[in-house]
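Student: I would like to learn how to read a structure. Please take me through it step by step.

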Amino acid sequence: VLNKDENNRVIKNHNVKMSYKEKQYHVELINSYKGKQFSKIMVMKMAASSMAAIKKFTGHDVVIGDSKVEYTGTLIKKVCKDGKKIIVFSEYIETAKALASMVEDHLIGLITGETSPDSRTSFLTGLEYSQGGVIIMTDVGGEGLDMQFVDTIVNHDLPWNPMVLEQRIGRLDRIGRDDRDVEIHNIILDD
């Protein structure tokens, strides 16, 4: 799905289908939380992010593919080959690390709550002066950082609060930005 709004924002929604094994595992996992509504909601959020997040939360050592992470990794590589500068947002550190391992050739840095302020600044400077590349970050990177030199945002995880999404986009789309479009890719787990 492609949509361009009046603010030069090109929005592309990507629907990703889970494999049969992934669906089966997610259904079993969610059903195991009967009567624990809060935990069930958290597991569903993690399931929509990555198998890495689920493994960290549950302690299960499940060996099945991760359709959403694989899709996002492929998209990042394709956009980077076009020489674009990308910021990828993920809600969970484990998911961010899984994505970073898939795109090592294009990775400028990984920004999470574990990343020092000096490293965050260095990664952003590196991306700004690069010929294209990617920084993967959790929402901690969406606060207080100006990224108007970035071409593309990939929202691997869509936040439940639309203001968080707007804050992410606002890091790029701000006063002083040139007239280039802001390309926004939203990755949505279809199942």
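Tutor: Start with a term. A polar contact is a pair of N or O atoms within 3.5 Å; within protein, one must be able to donate a hydrogen and the other to accept it, and residues adjacent in sequence count only if both atoms are side-chain atoms. Here, a polar atom of the S90 side chain lies 3.3 Å from the backbone oxygen of Y92. Two cautions on sources: this is a predicted model, where local features need pLDDT of at least 70, side-chain atom pairs count only at pLDDT 80 or more, and totals for chains, interfaces and linings use all residues. Residues are numbered from 1 along each chain as its sequence is written, and side-chain values use heavy atoms, with hydrogens and water left out.

Student: Where is the place of S90?

Tutor: Elements come first. Helices (H or I, at least four residues) and strands (E, at least two) are DSSP runs, numbered from the N terminus. S90 sits in the loop between strand 3 (85-89) and helix 5 (93-102).

Student: Is S90 buried or exposed?

Tutor: Buried means under 20% relative accessible area, exposed over 50%, and partly exposed in between (1.4 Å probe, protein chains only). S90 has a relative accessible area of 0%, so it is buried. Contact means heavy atoms within 4.5 Å. Leaving out residues up to four places away in sequence, S90 touches S49, T95, A96, M137, T138, D139, H156 and D157.

Student: How many helices and strands does the chain have?

Tutor: Seven helices and seven strands. From the N terminus on, they run β-β-α-α-α-α-β-α-β-α-β-β-α-β. Of the 191 residues, 45% count as buried.

Student: Which strands pair with strand 5?

Tutor: Two strands pair if DSSP finds at least two bridges between them. Strand 3 and strand 5 pair in the parallel sense over five bridges. There, I86 stands opposite V134. Strand 4 (residues 107-111) also pairs with strand 5 in the parallel sense, over four bridges. G109 has I135 as its bridge partner.

Student: Which way do the residues of strand 5 point?

Tutor: In a regular strand the side chains alternate between the two faces of the sheet. In strand 5, G133, I135 and M137 point one way, V134 and I136 the other way, and all are buried. Strand 5 spans residues 133-137.

Student: What do strand 4, helix 6 and strand 5 make?

Tutor: A crossover is right-handed if, with the strands pointing away from the viewer, the path from the first strand over the helix to the second runs clockwise. Strand 4, helix 6 (residues 117-128) and strand 5 make a right-handed β-α-β unit.

Student: Which residues of helix 5 are buried?

Tutor: An α-helix has 3.6 residues a turn, so residues three or four places apart point the same way. In helix 5 the buried residues are T95, A96, L99 and A100. They cover an arc of only 140 degrees around the axis (taken from the directions from the helix axis to the C-beta atoms), which puts them on the same side of helix 5. They pack against helix 3 (51-58), helix 4 (67-81), strand 3, strand 4 and strand 5.

Student: Where is N13, and what does its side chain join?

Tutor: N13 is in strand 2 (residues 9-16). N13 is partly exposed, with a relative accessible area of 29%. A polar contact of 2.9 Å joins its side chain to that of N186.
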